[in-house]
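Please open the model in your viewer and keep the sequence panel beside it, so that each selection can be followed in both.

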Amino acid sequence: MTFFKYAFSVLLLWGISTSAQRVDLPVEYVKDQMLGGNKATEQLKGTPYDNETFLPGVVEFGGKSITTQIRYNRLRDQFEIKNTTGEIGILKRSRDIAVSIGDKAFDFFDYFDKDDEKKQGYLKVLVDGEVKFLKKEGAELRSAVKARNSYGQDKPAEIIPFEEYYIMSGSEAPKYVRLK
């Protein structure tokens, strides 16, 4: 009976350890992002920010406004804020929250993208009035590409910024506008 318990526990531990090794999550990347390191991202070209530093900005919600240090993450379409102790937090995405950084004013909208799919996100207000002209400042993450042969070179993963424009009339959802 003791041998059976011993053999069963060895098999159980072996099964748990091998299944734990099969997880394909980017744990190092997540750890580096949470801890502020750059081991996993040192081969990444580009940045998700227009400005890496936090700038003074105003967050408006529920009739209140707060002045804080803030920056916009184009890749994730979210605002990051830094409090007085240096801790960084993420601002909740909500229609009730408007953000201004310098002369840039961002509002949260339901909008139709270039494929006519309904999306939600922050759009920069360029012209305000009965007809609003809006700008989406986003970024796309392109995966790394291995060289096809020994004559080519590997291409690292890259963050590529893009801008899209939208028009909004009255209370309709903003619609994508293709500029020539």
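This is a predicted model: local features need pLDDT of at least 70, side-chain atom pairs count only at pLDDT 80 or more; totals for chains, interfaces and linings use all residues.

Residues are numbered from 1 along each chain as its sequence is written, and side-chain values use heavy atoms, with hydrogens and water left out.

Begin with the protein chain in cartoon view, where there are two helices and ten strands, these being DSSP runs numbered from the N terminus (helices H or I, at least four residues; strands E, at least two). Followed from the N terminus, the order of elements is α-α-β-β-β-β-β-β-β-β-β-β. Colouring by accessibility shows that buried residues, those under 20% relative accessible area with a 1.4 Å probe and protein chains only, make up 27% of the 180 residues. The accessible surface, from the Shrake-Rupley method with a 1.4 Å probe, comes to about 13200 Å², and 54% of this belongs to carbon and sulfur atoms. Of the contacts (heavy atoms within 4.5 Å) with a separation of 6 or more, 44% are between residues 24 or more positions apart.

Next, select residues 64-73 and 78-82, which are strands β2 and β3; they pair (DSSP finds at least two bridges between paired strands) in the antiparallel sense over five bridges.

Now extend the selection to β4, residues 88-90, which pairs with β3 in the antiparallel sense over three bridges. Here the bridge partner of Lys82 is Ile88 in β4, and the hairpin of β3 and β4 has five residues between its strands, with Gly86 in the turn at a positive phi of about 95°.

Finally, select Tyr111, Lys119, Lys136, Phe162 and Glu164, which lie nearest the centre of the second largest pocket among its 16 lining residues. A pocket is an open set of points on a 1 Å grid over the protein atoms alone where a 1.4 Å probe fits, with protein on both sides within 12 Å along at least five of seven lines, and lining residues have an atom within 4 Å of a point. The volume of this pocket is about 310 Å³, counted as the space filled by probe spheres set on the points. Both β8 (131-142) and β9 (158-169) supply at least two residues of its lining, with β8 giving the most, four residues.

How values were computed
Buried means under 20% relative accessible area, exposed over 50%, partly exposed in between (1.4 Å probe, protein chains only).
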